[in-house]
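Q: I have a new structure open and would like a quick tour. Can we go through it feature by feature?

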Amino acid sequence: MSHSHAQAGIEALRRGDARKARESFERIVATGQADASAYLGLAHACASLKDHSAALTAVNRALALEPRNLRALVMMGDCLATAGDDRAAASHYRAAVNAAPPPNQLPAELRQEISRAESMCERYAAQFETFLRGRLAARGFAEGRSSARFSDSLDIQTGRKRIYLQEPRQYFFPELPQIQFYARTHFPWLDKLEAATHDMRAELREVLKEESAFKPYVEPTPRRPQIDNLGLLNNPAWSAFYLWKHGELVAQNAARCPMTVNALADVPFARVKNRSPSVLFSLLRPGAHIPPHTGEVNTRLVCHLPLVVPEKCRFRVGNDIRTVVEGKAWVFDDTIEHEAWNDSDRTRVILLFEIWRPELTVEERALVSAMFEAIDEYGGGQPPVSI
């Protein structure tokens, strides 16, 4: 009996007879055999008849039976939107979007409903952001002049940015700040380094005349699994010319770049026996993209000084995407997800090296160094490649 009533209700909805559909679905409810689809049919019929209270009650019962029912979640969003409860409506649209499988796994009708729910989420998010920023402006907040940290938090709160945290692949030192790009004030030696850009570029251009001087940045480590998740293993698209490698001066290369070596004299390198520093000219070939990845340890920071930079070169750390500019250095936390693009038709080269995080005390630096020396001694003295 309930099946025939359900079929009659569905057919009535299709031909636009909402009253007949409501009667059919209410008969199913009266038998005590209503499932989520019957309550949803009743909700649609009641909504068509402008009985919004009854529609809300029916869809609530559908969700009580199937809390993750996508159609019911979207319908609940519609009911709450009609009732003027925008925040509650947005939460149900968002729940539907989050619970939905990929679009190609949905039937066409439901795919359209989820797409509509996404549009509603965007609409409500924009309305909320406009309201929130307006209220904050009335209280004195000014984008670009007020606290940069608060501005970032507001962007995260409103969905403009996402949360990126340190994700070191090998070693995590606790209680360090989560900073994507560091302020220059921490590194007074940067000015002197940048002032030597012209001299370093001249030495680099001589090295570039010998293409074989550059080797793939990611090389296989003997007697270790050769897992290449990023497509970078032995890939010359990202290549390196080392001045220091795993803490050792590469004498032959350094001799070719004496002005570069001299310019680095005041840099507080992260010194760990057989591991760091590594100092190199990092080359990214035309059209190359270094995919999103994170570094090995969060006790260091990485510095880039761009030396040869064509147009259309970008670098991202977390939420912050920056244009690469010759002679303008930056320091960043490489355990926060980062990536690089060279969308030009010419080669990009930067000077890359690693330094201690300024938050680490002298004792902590010594202990970190001692720990890695012990690890390498135990493991045969072969540190993993770091990117």
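**Aromatic rings**

A: The count comes to 16 aromatic pairs in this predicted model. Rings of Phe, Tyr and Trp (its six-membered ring) pair if their centres lie within 6.5 Å; planes under 30 degrees apart are stacked, over 60 edge-to-face, and the rest tilted.

Q: Why is the pair of Tyr93 and Tyr124 stacked?
A: Their ring centres are 6.3 Å apart and the planes meet at 20 degrees, so Tyr93 and Tyr124 count as stacked.

Q: Where do Tyr93 and Tyr124 sit in the chain?
A: Tyr93 is in helix H6 (residues 86–99) and Tyr124 is in helix H7 (residues 108–138). Helices (H or I, at least four residues) and strands (E, at least two) are DSSP runs, numbered from the N terminus.

Q: Are Tyr93 and Tyr124 buried or exposed?
A: Tyr93 is buried, and Tyr124 is too. Buried means under 20% relative accessible area, exposed over 50%, and partly exposed in between (1.4 Å probe, protein chains only).

Q: Which residues do ring pairs link into a cluster?
A: Tyr182, Phe187, Trp189, Trp244, Phe269 and Phe353.

Q: What lies over the face of Tyr124?
A: Arg123 does, at 5.9 Å from the ring centre. In another case, the charged end of Arg162 sits over the ring of Tyr164, 4.0 Å from its centre. The rule asks for NZ of Lys or CZ of Arg within 6 Å of the ring centre and within 35 degrees of the ring normal.

Q: Before we move on, how are residues numbered, and what do the values use?
A: Residues are numbered from 1 along each chain as its sequence is written, and side-chain values use heavy atoms, leaving out hydrogens and water. Since this is a predicted model, local features need pLDDT of at least 70 and side-chain atom pairs count only at pLDDT 80 or more, while totals for chains, interfaces and linings use all residues.

Q: New topic: how many salt bridges does the structure hold?
A: The structure holds 28. A salt bridge is a side-chain nitrogen of Lys or Arg within 4 Å of a carboxyl oxygen of Asp or Glu.

Q: Which residue meets Arg133 in a salt bridge?
A: Glu143 does, at 3.1 Å from N to O. Arg133 lies in helix H7 and Glu143 in the loop between H7 and helix H8 (148–157), so the bridge ties together parts ten residues apart in sequence. Glu143 is partly exposed, at 49% relative accessibility.

Q: Which residues form a salt-bridge network with Arg133 and Glu143?
A: Glu129, Asp152, Asp155, Arg160 and Lys161 are linked with Arg133 and Glu143 in that network.

Q: What about Glu296 and Arg169?
A: Their side chains meet in a salt bridge of 2.6 Å, N to O. Glu296 lies in the loop between strand E5 (289–293) and strand E6 (300–308), and Arg169 in the loop between H8 and helix H9 (190–195), so the pair ties together parts 127 residues apart in sequence. Glu296 is buried at 8% relative accessibility, whereas Arg169 is partly exposed at 44%.

Q: Which residue forms a salt bridge with Arg316?
A: Glu337, with the closest N and O atoms 2.7 Å apart. Arg316 is buried, with a relative accessible area of 7%. Glu337 is partly exposed at 22%.

Q: On to helices. At what angle do H5 and H6 cross?
A: The axes of helix H5 (residues 70–82) and H6 cross at roughly 160 degrees and come within 7 Å. Axes are lines fitted to C-alpha atoms, for helices over the stretch in contact, and angles run from 0 to 180 degrees between N-to-C directions. H5 and H6 are therefore roughly antiparallel, a word for angles over 145 degrees.

Q: And how do H3 and H4 pack?
A: Helix H3 (residues 36–48) and helix H4 (residues 52–65) pack at about 165 degrees, with axes 8 Å apart. That makes H3 roughly antiparallel to H4.

Q: Last one, the backbone. Which residues does a cis peptide bond join?
A: Ser276 and Pro277, with omega about 10 degrees. Pro277 is in the loop between helix H12 (258–263) and strand E4 (279–284).

Q: What is phi of Glu175?
A: Near 65 degrees, a positive value in a residue other than glycine. Glu175 is exposed, with a relative accessible area of 79%.

Terms used
Angles under 35 degrees count as roughly parallel, over 145 as roughly antiparallel, 65 to 115 as roughly perpendicular and the rest as oblique.
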